[in-house]
Amino acid sequence: MNGTTSKIGADYLARLESFHRLDKEREDMLKELIAKYQDLEQRFEKKCKEYDNEAQTRGLYQEQANEAIKKLTDIQHRAEVNSFAFAIIDGDGAVFREDWIIKGEEGGAMAAHQLRLDIKKHLKDIYPDINVETWKIVVQVVLNLDGLSRKLYSVNLTKSLSDLTAFARGFCRSQGLFSIIDVGKGKEQADFKVRETLRLMVYNLQCKHIIFGPCHDRGYIVELRPYQLETSTSAKLSLLETTPPSYEFQELGFRRVKFTDVFRSEPLPDGPPSPSAALSTPPPSSSKPLNYASVASTWSSPDHPIKEFKNLAVTPDSPARVTSTRYYLVNSSGERVDESLPQPDAISKQRFRERCEREGSQPCNRWHLIGTCEVPMCTYFHGERLSPGEQLVLRIRARGTFCSYKGSCRNPDCYWGHHCKYGYKCQRLNCTFSGTHDMDLTPAERVYDDGSREKLSS
């Protein structure tokens, strides 16, 4: 019996030991659960704090964003309300038409009004989806007032030295945002003003468009090149063309515009191309006009073919010419027709270039083509007159400039061009003589300086 009791006690002890082991495992499990819970609770509290911080920060940022949006909207509104287009023009090269200038203050007011209309039309063409009527138009013309006044007066384009001053006064008074700025003598003065104004306006958000008028001066090309690759900047730039620009300006690829009702489309002449400017004394080298056809006949080199003049025959009933030798040609409508010129030979072209390089300037048209120059302190070279072949080179070059009197010119000695030599067949873009493409180029009469006429048959 004692043996049985011992076995039973051992069995209970074993079971008790098993219970102790299970209790220990349960206790360890509970401790582990508690530890994990505490860790989770701490992490939860941390995340809650982080969330609270994020929520607070987000609220702060949202408040700041709302404030920023409000300010941006206000700025955009103000920018739109005060939007403007800006025209900066070098007035020494982009010269106002003389028919405006000679009218003084009234002409200035009329020119300003026309310029404003032209700019508005240009803006509407560029921005068809925007109401540009709300944009203000600002114009600044920078020039040497005294120097340009003297130049215009010296070539008989104004009646007095005060015409341009009166014109400028009317121009500025008629439009509140239009200004003519006199920077005085010195090319660099106008250049500096124009360049700095462009730099200011290019990145001005309220300045929606810029009309830049320096196309007569290649020195501005360096200033414009950096804006070629900036799409937003190049899109808001238009180059104002007055006289034909050099090919470098065309290569820039900017939009171009012309305001021919306001500005001259041809360079200022070297001298007054009017009948009153005819010679009072004959040229020193000859008393009769140079016959380019006879000169051309002496150039017999097969490498330089010469185009002869069109043969103009005198009709039998034409009066005989005895005293007068200076003349000009007109068509059946009485419009001035330029006599054809042969092409110069290569040797004359080379000598002409070499002479210009030696002199360091260009030849005076009046001196070398007519034989006299009455312009005080002429800036072009005189000296020994050019040879007949070199004079032909110069005359062809002069023909590329439109005479101020156009088809009504009656000066036999006028060397400027009076129409496009290609007529209706002209294929050139922006031809200086575009207004004459429909003109009859067939000479009908030869008009002499004494008023007598010869009828011609082609």
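Six strands line up as an open sheet in the order E3-E2-E1-E4-E5-E6, with parallel pairing; strands here are DSSP runs of E of at least two residues and helices are runs of H or I of at least four, numbered from the N terminus, and two strands pair if DSSP finds at least two bridges between them. Strand E3 (178–182) and strand E6 (255–258) sit at the edges with a single partner strand each, so one side of each has no neighbour in the sheet. From one strand to the next, the twist averages 20°. This is a predicted model, in which local features need pLDDT of at least 70, side-chain atom pairs count only at pLDDT 80 or more, and totals for chains, interfaces and linings use all residues. Residues are numbered from 1 along each chain as its sequence is written, and side-chain values use heavy atoms, leaving out hydrogens and water.

Glu-241 has Lys-258 in E6 as its bridge partner. Helix H3 (residues 104–126) packs on the sheet and touches strands E1 (84–90), E2 (136–143), E3, E4 (207–213), E5 and E6, contact meaning heavy atoms within 4.5 Å. The direction of H3 makes about 120° with that of E2; axes are lines fitted to C-alpha atoms, for helices over the stretch in contact, and angles run from 0 to 180 degrees between N-to-C directions.

H3 also meets helix H5 (residues 163–174), their axes coming within 6 Å and crossing at roughly 45°. The contact includes Gly-104 and Leu-115 from H3, and Phe-167 and Ser-174 from H5.
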